[in-house]
Amino acid sequence: MSKLDQIQNELKSINQAKFQKLCDLYLYRVLDAKEIESKGSVVGKEKTRTGTPDTILTLQNDKKVFVEATTQSSGLLAKFSKDLDKCFEIKKTGIPLAKIEKIILACNTNLLSEEDKKTLRKQGKKKSCKVEFLELETLSFELLQKFQPLAKEFLDIDLDTGQILKPIDFIENYQRNKFATKIDNKFLFRENEKKKILKELKKQDLIILSGKAGVGKTKLALQCSNEFVKSNPNYRHFFITNKNNQDINENLKAYFGADGEYLIVVDDANHLQLSLILQLLNEQTATRKIKFVLTVRDYALNQVRDKSKNYSFYEIELQKFSDEEITKILEEGFGIRNGDFIDRIKRISKGNARLAVMAAMVVEEKKTLQSIDDASDLYDIYFDSINEDLKELGNKDLLKIAGIISFFRVLDKTNSEFFEKVAQQFGLTGDELWTGLEKLNDLEVVDLGSIPSPIKG
C-alpha cells in the first residue's frame, strides 16, 4: 500500500474532533494566518463543541476565513448549506459579512459532486462571499508532500525523518528543547547583519552565518528568512535540522523535487548531510530555484566552508553582544532594570545572550543576587533544573557528563592522559565521555570550542 493510500484510509476513519484540529493546523499554516479561534474544538481535549463557525482564522490583512469541517459521509450538501446559512448570521458569529474573506468547507471524503459545489458557491455568492472546499484528495496530497509532521501527529503515519520543517514547526520543535532559549520573541539588534544578509540573498543562493554559541545565529536566520519570504512571496520557506543523523535523501526529493522557489535554512549545518543537501543547488532549473542560509558554530566553520567550496557563497560572522545590548535584552525581555542584577549578569554572560537569558530566568525565579553569584553557580542551577530532561533523553550517562563539565568547567581533550583519568573516575571510557560531550554540544548545553582546544561548559 502506498503512503498516499495510507493517508487517505486514515483520513476516512478519523473522528470529528481530530479532523477539526487537523484542518485547523493545516489551514493555519497554509494560509499564513496570524490568529486562530477554534470554536468547534475543546482546548486540550479530543472533543467537539457547538460553535459557528467551527474555526475563525484571521489573515495578515485582518480579514477572516471561516471553516466548517465535518466527517459526515452522507447528506453533505444539506449539511454544508445549513452551515453556510449560520455563517451568514452576524448575531451568531459577531463578524460582519464584509470582513469575511471566504468560507472553507472541509470534509474527509470526495463525496461532494461538482453540481453540489456549484450550488454551495452560488449560496455564498448571494452574500458576496467566496466558498472553497477542502476534500480528501487535496488534503491527503498536501499531507504527503508538504505537511508530513501533521500526518504523523494526527494519523500516526511516518512520512519522513522529521528533519525538514515549516518555520512554525521548527520554532515549536526548537523551543520544546528546554536547553534552548526562545527564538519567537522580539528581534533586537543585528540590524546591520540582517540588512547585509537580505541584500546578499537577492544575489546569492548560499549564505553562511557563523559565530560562537549563544550569539543568536538561529534567531537571525529566522528573522532574515521570514522577511525575505514576505518580500518574495513566491518562495516557500523551510528549515532543515538534525535529528539522529538520519538519511535525508528521500525527504529532499519529496520536499524540493517539484518546480517552485524555495528558501531553506539549514540550522547547525555541520551536523547534517550537507554535501547532499547542497547538491540541490546543482539541480536548479528555470522553474525550480533554491536558496540556502546555513548556520554553523565557529569551531566547525572550516568544515562547512569545505563542503560549500564548489558554490558561490556569502559569509558573515556574528560577534558577541555588547554590554549595552545585553542590558536591553534583560530590560525588554525580562523587565530586569536593577543595576546590580544587570551588572552581575553581564559579568557572567560575557556577551553570550543564551547565558544572559539563562541567568535572567534564574533571577525571575529566585529574585536574589546570590542566585547568580558566578557562571559556575549558574551552570549548577541550570544542570539541576534540567535533571529530568536529561533523564528523558534515555542516556543515563548524560547527566553524569553534564555534572563533570559543571565541576571542571574546562576539559582539554588534547591532554589524553588527564581526559582518560577523568572518564575512569566516573565509570566511563574516554570514548563514552567524548560521545556524551558531543551529544550535549548538539543540545547546546556545552560548547566543544575549537577542536582540539579545551571543552568548555
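The sulfur of Cys 87 lies 8.1 Å from the closest cysteine sulfur, that of Cys 129, which is too far for a bond. A disulfide is defined as a pair of cysteine sulfur atoms within 2.5 Å, and a search of the whole structure finds 0 disulfides. The model is predicted, so local features need a pLDDT of at least 70 and side-chain atom pairs count only at pLDDT 80 or more, while totals for chains, interfaces and linings use all residues. Residues are numbered from 1 along each chain as its sequence is written, and side-chain values use heavy atoms, with hydrogens and water left out.

Cys 87 has a relative accessibility of 1% and counts as buried (under 20% relative accessible area, with exposed over 50% and partly exposed in between; 1.4 Å probe, protein chains only). Cys 224 is also buried, with a relative accessible area of 1%.

Helices (H or I, at least four residues) and strands (E, at least two) are DSSP runs, numbered from the N terminus. Two strands pair if DSSP finds at least two bridges between them. Strand E3 (residues 64-70) runs parallel to E4 and is joined to E4 by 7 bridges; Glu 68 has Leu 105 in E4 as its bridge partner. E4 is also joined to strand E5 (residues 130-134) by 5 bridges, again in parallel, and Ile 104 has Glu 132 in E5 as its bridge partner. From E4 the chain passes through helix H5 (residues 114-125) to E5, in a right-handed β-α-β crossover (with the strands pointing away from the viewer, the path from the first strand over the helix to the second runs clockwise).
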